[in-house]
Each structure stands twice: as structure tokens, then as C-alpha cells.
Amino acid sequence: MRKILLLIVLTLAFFTSCDNIVPIASIDPYKETAKENYYADPLTGLNGNDFPKTDAEGFKILLISDTHFGKTKSGTFFKTEDFEKYIKDSGILSSSDFIVNLGDVSDNSEQAQLDEYKEWSENLFAGKPIVNVIGNHDNRNGGVQRFIDTFDMDSTYYRFNASDVQFYVVDSAFRTLGRQQLDHLMKVLEENKDEKKIILTHIPLYGSITNFYASFADEKERNFLLSRFSRYGVNLLLTGHKHVPESYYDYTGSFTEIVVNGFHGESFRGSVPAFYVCDYKKDDSSFTIDAYFYKDGTFSKTNSHTYTL
């Protein structure tokens with residue numbers, strides 16, 4: 001009996017050790033073209049669409065996450081038509097400069113799901129740039145390449161400029177950045193440490209004590225990123241993945257992580273469909289994020305936070 005208990009303890013220690021959750025270097029799917037695309041500075045467009053130029057006085061983002069096209073899990077509910085009507089009638093869509101989806105655009109990385117999302121988003125957001133971040137539901141069974149091909153991308157890791165802000169699109173879909181991406185990101189962040197910077201990625205730095213899956217797999221990597229993001233002047237980290245009302249983590253006086261709620265609702269999590277509007281003004285470097293949640297048959301603004309970049 002003692003031998004069995006000892007074996008169980010040793011097995012648990014092995015699989016829960018920080019050194020054995022996910023070896024960072026063993027998951028590295030990123031191509032060399034990612035570096036070439038990432039170095040194309042400044043990037044002022046995506047898929048043939050222009051972002052606000054670097055001399056623009058500001059910009060507005062329509063922000064969604066975790067659209068999970070193709071999802072049929074019990075307890076999940078969508079309010080897609082209500083969302084479409086609300087953003088059109090309210091003027092939010094027409095006043096937005098570009099769209100950001102923070103990942104899990106599909107539910108299971110299937111080509112049909114990616115195609116359905118692409119058709120929906122390009123029709124609804126007609127003519128506006130759409131930044132699609134890859135999520136863990138988008139990279140299954142060769143999904144990374146399907147994601148890249150579907151959205152006519154060079155890489156799932158790149159950056160672009162809007163007004164005087166640098167945006168870094170980072171691939172955390174494997175719950176790690178991989179050694180190549182991590183090393184290169186640190187180099188570029190350090191070179192641009194005096195610039196205003198916002199990172200867009202899917203996986204939050206931290207999950208919760210009951211849901212470690214909702215964060216980076218390797219504690220050392222997570223803590224390293226937190227330290228370096230603060231050191232190299234990252235202002236905001238925008239993430240999704242958790243499917244619960246948004247969280248705001250002020251790690252330092254100038255660095256905040258915002259974990260946004262999902263596009264659909266989940267009765268078993270007590271969450272409702274949500275989207276966000278981000279408004280940046282260059283004159284005072286203010287970045288305001290307004291949260292819109294579905295309630296009583298429509299969407300309405302529930303809260304607002306403003307940060308100085």
C-alpha cells in the first residue's frame with residue numbers, strides 16, 4: 001500500500017512540476033516567415049485594408065473574443081443577430097476603425113467553421129480591417145496552417161501600428177509562445193521600450209486556482225513575460241479565453257491585463273454574450289474600454305475603464 005501511495009505522489013509531482021507542464025522549447029510551430037513579416041515596420045495594413053495612419057489623432061476598435069463558430073455544446077447560447085443589429089443601429093460599427101477578435105474564432109479548427117466565420121465577419125465588417133488572433137480552438141490537428149491560409153496571413157505572430165501605438169499580435173494558442181517567438185518578441189519589445197505598446201493574444205497570463213488551464217502552462221514563462229512586459233513598457237495586454245465577465249489586472253502603475261468575456265453566453269458559467277469598444281485619443285494618450293453585455297433582450301454598456309498609455 002505504501003509503495004502505491006509513493007508511486008501516486010511521485011507521478012503527481014512529475015506532472016505538476018513547473019519543469020514538466022510544457023517544456024517551452026518543445027512546442028515551436030512558428031515559421032521563419034514570421035520574423036520577416038514581423039520586421040516589416042511599420043505595418044499599416046492587413047489583408048489589403050489600411051489602419052489609421054501613424055499621424056491619426058486616435059482610433060476606435062470593436063473588440064470581440066471567442067466567437068467559436070460551429071459550437072453546439074449544451075448550455076451555449078448566441079445572440080449574433082442582436083449583436084449585428086445593435087452595432088449597426090448604435091453607430092458603433094460605422095465609427096470603428098478596425099475589428100479585433102482575440103481568438104477561438106472557430107470551435108474545433110475545422111475548415112468549414114473557419115470559412116463560416118470568415119464569411120460572416122467580412123460581410124458584417126465590410127471594408128474594415130479585421131485582426132484575427134489565433135486561439136487554442138483554432139490550432140487543432142494542423143489548424144495553424146488552415147488559420148493562416150483562410151485569412152491570407154503570413155504568420156500568426158506580427159505587429160502593426162495605429163496612430164502612435166504599436167500593436168503586437170502574439171500566438172499563445174499552445175499556452176506557450178515557443179522559444180523562437182519568445183526570444184524574438186523580447187528583442188523587439190526591448191528595442192521599442194519607449195513606444196506605446198498593446199499586446200493582443202488569446203491566453204491570459206493567469207487563470208484561477210480552480211482553472212489552471214485558462215493560463216500559460218509554464219509558470220516560469222508566465223512570470224518571465226509579466227516581468228519583461230513591465231520592464232519593456234507594455235501598456236496593455238488584451239486577452240480572452242476564460243468566457244467569464246472581464247477581469248482587470250493592474251500589475252504595475254503602467255501595465256494592465258484585460259481579460260475579456262466571450263462573444264457567446266454559457267449558462268453553466270453564468271456568462272452572457274459580450275463585446276467591447278476601445279477608444280484611443282492621441283492628444284491625452286487615453287485608452288477607454290467600454291463593455292457591452294446582453295441583458296433583457298438587448299446589449300447595453302455595463303462599465304467603462306480608462307487607461308493612460
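Which residues lie nearest the centre of the largest cavity? In this predicted model, where local features need pLDDT of at least 70 and side-chain atom pairs count only at pLDDT 80 or more, totals for chains, interfaces and linings use all residues. Residues are numbered from 1 along each chain as its sequence is written, and side-chain values use heavy atoms, with hydrogens and water left out.

Ile199, Thr201, Phe216, Phe229 and Leu237 lie nearest that centre, among 13 lining residues (those with an atom within 4 Å of a point; a cavity is a set of points on a 1 Å grid over the protein atoms alone where a 1.4 Å probe fits but cannot get out). Two or more lining residues come from each of helix H8 (219–231) and strand S10 (234–239) (DSSP runs: H or I of at least four residues for helices, E of at least two for strands). The lining has ten nonpolar, three polar and no charged residues (Asp, Glu, Lys and Arg count as charged; Ala, Val, Leu, Ile, Met, Phe, Trp, Tyr, Cys and Pro as nonpolar; the others, Gly among them, as polar). The volume of this cavity is about 60 Å³ (the space filled by probe spheres set on the points, which are joined across faces, edges and corners).

Turning to the strands, six of them form an open sheet with mixed pairing, in the order S6-S5-S3-S14-S15-S16 (a pair needs at least two DSSP bridges). Strands S6 (130–132) and S16 (298–308) each have a single partner, so one side of each is left without a neighbour in the sheet. Strands S14 (residues 274–281) and S15 (residues 286–295) are antiparallel and share eight bridges, and Lys281 stands opposite Ser286 in S15.

How values were computed
On a 1 Å grid over the protein atoms alone, a cavity is a set of points where a 1.4 Å probe fits but cannot get out, and a pocket is an open set with protein on both sides within 12 Å along at least five of seven lines; lining residues have an atom within 4 Å of a point.
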